[in-house]
Amino acid sequence: MNPLDELLAQKAVLDQKILETRKNLKVDAVAKVRALMAEHGLTIADLSARATTATKKAGTSAKVAVKYRNAASGETWTGRGLQPRWLKAAIAQGKKLGDFAV
């Protein structure tokens, strides 16, 4: 048998051992999760409901009230982020920010 064939055979044995080890680790992890669920009285419904609630809370944000409005065009700005072009242009023409306050 040439050296390449020997290495490929060793690789095949190692690949099989890796698969078996992963499978055993997965079985152990599932057992730990089940034990924790039993210890705390949790069901699968509890896990999915709480995950959904946490995701919704993290993903939603409250709307910010408008602080400035262009009476001519109806455009608005909350005061957060960069000033919009219409407001910059009006300020450049001599108007004050307070003129647009809601």
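Visitor: Which is Asn-70, buried or exposed?

Guide: Burial is read from relative accessible area: under 20% is buried, over 50% exposed and the range between partly exposed, with a 1.4 Å probe and protein chains only. Asn-70 has a relative accessibility of 13%, so Asn-70 counts as buried. This is a predicted model, in which local features need pLDDT of at least 70 and side-chain atom pairs count only at pLDDT 80 or more, while totals for chains, interfaces and linings use all residues. Residues are numbered from 1 along each chain as its sequence is written, and side-chain values use heavy atoms, with hydrogens and water left out.

Visitor: Where does Asn-70 lie, and what does the side chain of Asn-70 reach?

Guide: Helices (H or I, at least four residues) and strands (E, at least two) are DSSP runs, numbered from the N terminus. Asn-70 is in the loop that runs between strand S1 (68-69) and strand S2 (76-77). A polar contact is a pair of N or O atoms within 3.5 Å; within protein, one must be able to donate a hydrogen and the other to accept it, and residues adjacent in sequence count only if both atoms are side-chain atoms. From Asn-70, the side chain reaches the backbone nitrogen of Ala-72 at 3.1 Å and makes a polar contact with the side chain of Ser-73, also listed at 3.1 Å. For plain contact (heavy atoms within 4.5 Å), Asn-70 touches Glu-75, Trp-86 and Phe-100, when residues up to four places away in sequence are not counted.

Visitor: What pattern does the protein chain follow along the sequence?

Guide: The protein chain has three helices and two strands, in the pattern α-α-β-β-α. Of its 102 residues, 9% count as buried.

Visitor: Which residues make up the largest nonpolar core?

Guide: A nonpolar core is a set of buried Ala, Val, Leu, Ile, Met, Phe, Trp, Tyr and Cys residues joined through side-chain atoms within 4.5 Å. Here the largest core has six residues: Tyr-68, Trp-77, Trp-86, Leu-87, Ala-90 and Phe-100. Helix H3 (residues 85-92) supplies the largest share of this core, three residues.

Visitor: What is Trp-77 in contact with?

Guide: Trp-77, in strand S2, counts as buried at 11% relative accessibility. Beyond neighbours within four places in sequence, its contacts include Val-66, Tyr-68, Trp-86, Leu-87 and Leu-97. The C-alpha atoms of Trp-77 and Val-66 are separated by 5.8 Å, although the residues are eleven apart along the chain. The side chain of Trp-77 also reaches the backbone oxygen of Arg-80, at 2.9 Å.

Visitor: How many aromatic pairs does the structure hold?

Guide: A pair of aromatic rings is described by the distance of the centres and the angle of the planes. Rings of Phe, Tyr and Trp (its six-membered ring) pair if their centres lie within 6.5 Å; planes under 30 degrees apart are stacked, over 60 edge-to-face, and the rest tilted. The structure holds two such pairs. Trp-86 and Phe-100 form an edge-to-face pair, 5.6 Å centre to centre with 70° between the planes. Trp-86 lies in helix H3 and Phe-100 in the segment after H3, so the pair ties together parts 14 residues apart in sequence. Phe-100 is buried, with a relative accessible area of 7%.
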